[in-house]
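Subject: Structure handover

Hello,

Here is the structure you will be working with. Please keep it open while you read the notes below.

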Amino acid sequence: MKYWTMKRALLIVFIALLAILPWLTGSDYYTNLASQVLIAALFALSLNLLVGYAGLTSLGHAGFLGLAAYSSAWLMLNLQWDHASAGAAALAGSTVVAALFGLIALRASGISFLMITLALGQILWGIAYRWAGVTGGDNGLSGISRPHPFGLDLGPASHFYYFTLLVFLLVWLLIALWVRSPFGASIRGTRDQPRRMSALGFNVWLIRWITFTVSGFFGAVAGLMYVYYQQFISPHSLALANSAEMLLMVIAGGPATLAGPVVGAALVVLLKNIASGYIDRWIMLLGFVFLFIVLFVPNGIVPGIAKLRQQCRNKERS
Amino acid sequence: MSFWLIQSLNSLALGGVLFTLAAGFSLIFGLMRIANLSHGAYFMLGAYVGLSVITHGHGFFVALLAAGLAVGALGAVVERLILRRLAGNSLGQVLATLGIAFIIADFSLWVWGGDPQPVDAPAFLAGSTQLFGLVFPLYRVGVVGFAILLAISLWLLLDKTRLGMMIRASVDDMQMARGIGIAASRLFTIVFCLGTALAGIGGVIAAPILSVYPGMDSDMLPLALVVVILGGLGSLAGAFIGSFVIGFIYSFGQALFPDLAYIILFLPMVVILALRPRGLFGRIAA
């Protein structure tokens, strides 16, 4: 079978498996776990636009999740807005903040970019934690209901799972189209050869800024799904550890691939849930996983497997 | 009037603490180009080691020495075993140091528990002094003195010794430095060890002011980042000025607008970045 058709067949099997997953598992616990994986994957996909495709490593991305989650929750709880308008306002607001943060963070690139995004992420965390009158401080905001799209009740685990799957596939498709478009090619160009791109007449800064803003928008989408799933939001979700976890998903799975962040998200979420059943020291384990990935699988799992396949095929030929 | 004077002393003391933290960070970044995200964790570990030494009945200076040695040794091991393999891979270095930060933070929580623990100032700095009819805690005056002493010794080390000469040469032109026979890899270990030891000592210095608590690592790391971004990456003079600027802004912010202190803190960074992306004393945009 040709490589491309093989890849497509795998994708169809994968989506089919996702579609029948609630039947396969047969328990709410695993269905909920699958929803968590999909939401984390959404988030990793949005961060990957920056880390993988634009070569800009952000350590403040959890801020956009928190921004969207907090603002939609606050609008619903305090102003009694409905889900659609609160969600739309949260997405719009978070995207505007992402655009502003982009203006600040993109004064620099490389390590300085990372430090500035870290500092900006900490500001959002600080606001969530200290501005107790609005955010509830350490207690966060609770009592957030799930939406009822077209009158459907998303309370049951499988209903919510299908809703998440739908959003996930939509975002996946949008991001796939985006990175394969000519604009996507120019994003990768600014990552690999910023000077050459700029000499060719591309506006490197603008390309990066648009990518930063779009990535913030998708991060906010993930934030909405997150708050609908948890029905609760606290400063903990904006903490550096959370941004780092997302980054680990991207790096572990394979940056600049579409499958990598999904594989990485599944790995991290499953590992976290399994590990927390046995040991209390999840954070320490996370640290060791970081070291292991960096030292032994620096290019990520998906590119690693692709390389293995390539080597196998070369052996068959020779 | 007394409010301003006392807040000014608090600002200076916080600035002194920030300088012990940021000097090591800046040194490591300047030479090795490593954004050492575990720097806050070394600071906290130093504070906890100091706490343990003091609760076992030893004095404050033994605690300072023990924290500096223990954290510095750990830094040397980390550099030799992990960071060495990641030379030139800045993303890998960031992830590895973040991983180490998580391991140290969780380890500290495991060993020392989750409650904040106060540390007493050393006996000879325990009281307070009367100046202009106001009462100043003596320890905070001592911290300012220590920061100035540290700045002078670091300046002497970098400017007047052979080691400092080699460090400066390697910062300016690594390839040329290797070419004339400077063992850059050994220099990296020495500087990383020195930088983490300073963080550990900073933790003990800070303990009587801030007390020791889980999460002080992630509270202090962003402050160190803001200081070096403000002062210019890799510049000791920048770290010195930046520390006291941030010390003032944070102390007064906390006293005047307690809810917004955290936001006010990042404003100077944003302004500086908008006007001068490489920071006050930075030479090259990294």
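A:Q122 lies in helix α5 (residues 110-130) of chain A; helices here are DSSP runs of H or I with at least four residues, numbered from the N terminus. A:Q122 is buried, at 5% relative accessibility. Buried means under 20% relative accessible area, exposed means over 50%, and partly exposed is in between, with a 1.4 Å probe and protein chains only. Leaving out residues up to four places away in sequence, A:Q122 touches A:L240 in chain A, and B:S218, B:P222, B:Y262 and B:F266 in chain B. Contact means heavy atoms within 4.5 Å.

Some notes on how to read all this. The model is predicted, so local features need pLDDT of at least 70 and side-chain atom pairs count only at pLDDT 80 or more, while totals for chains, interfaces and linings use all residues. Residues are numbered from 1 along each chain as its sequence is written, chains are lettered from A and ligands numbered from 1 in the order in which they are written, and side-chain values use heavy atoms, with hydrogens and water left out.

Next, the interface. The contact takes 34 residues from chain A and 40 residues from chain B. Between them the two chains bury about 3500 Å², 80% of it on carbon and sulfur atoms. Buried area is the accessible area (1.4 Å probe) that two parts lose on being put together, summed over both. On the chain B side, B:L95, B:F102 and B:Y262 lose the most area to chain A, together 18% of what that side buries. B:Y262 is also one of the residues that A:Q122 touches.

Which residues have the most contacts inside the largest nonpolar core? They are A:L59, A:M115, A:I116, A:F168 and A:I233, in a core of 194 residues. Helix α2(A) gives the most to this core, with 16 residues. A nonpolar core is a set of buried Ala, Val, Leu, Ile, Met, Phe, Trp, Tyr and Cys residues joined through side-chain atoms within 4.5 Å. Not counting residues up to four places away in sequence, A:M115 touches B:F25, B:F29, B:A35, B:L225, B:I229 and B:L233.

Further along chain A, helix α8 (residues 182-192) has A:G184, A:S186, A:I187, A:G189 and A:T190 buried. The buried residues of α8(A) pack against α2 (28-53), α7 (157-180), α9 (194-199) and α10 (204-230) of chain A.

A:V268 lies in helix α12 (residues 260-278) of chain A and is buried, with a relative accessible area of 3%. Apart from its neighbours within four places in sequence, A:V268 is in contact with A:E245, A:L248, A:M249 and A:W282. The C-alpha atoms of A:V268 and A:N139 are separated by 26 Å, and the two residues are 129 places apart along the chain.

Two residues other than glycine have a positive phi. For A:Q80 phi is near 55 degrees; A:Q80 lies in the loop between α3 (62-78) and α4 (83-105) of chain A. For B:S211 phi is near 65 degrees; B:S211 is in the loop between α8 and α9 (216-231) of chain B. Is each one buried or exposed? A:Q80 is exposed, with a relative accessible area of 59%, and B:S211 is buried, at 18% relative accessibility.

Regards
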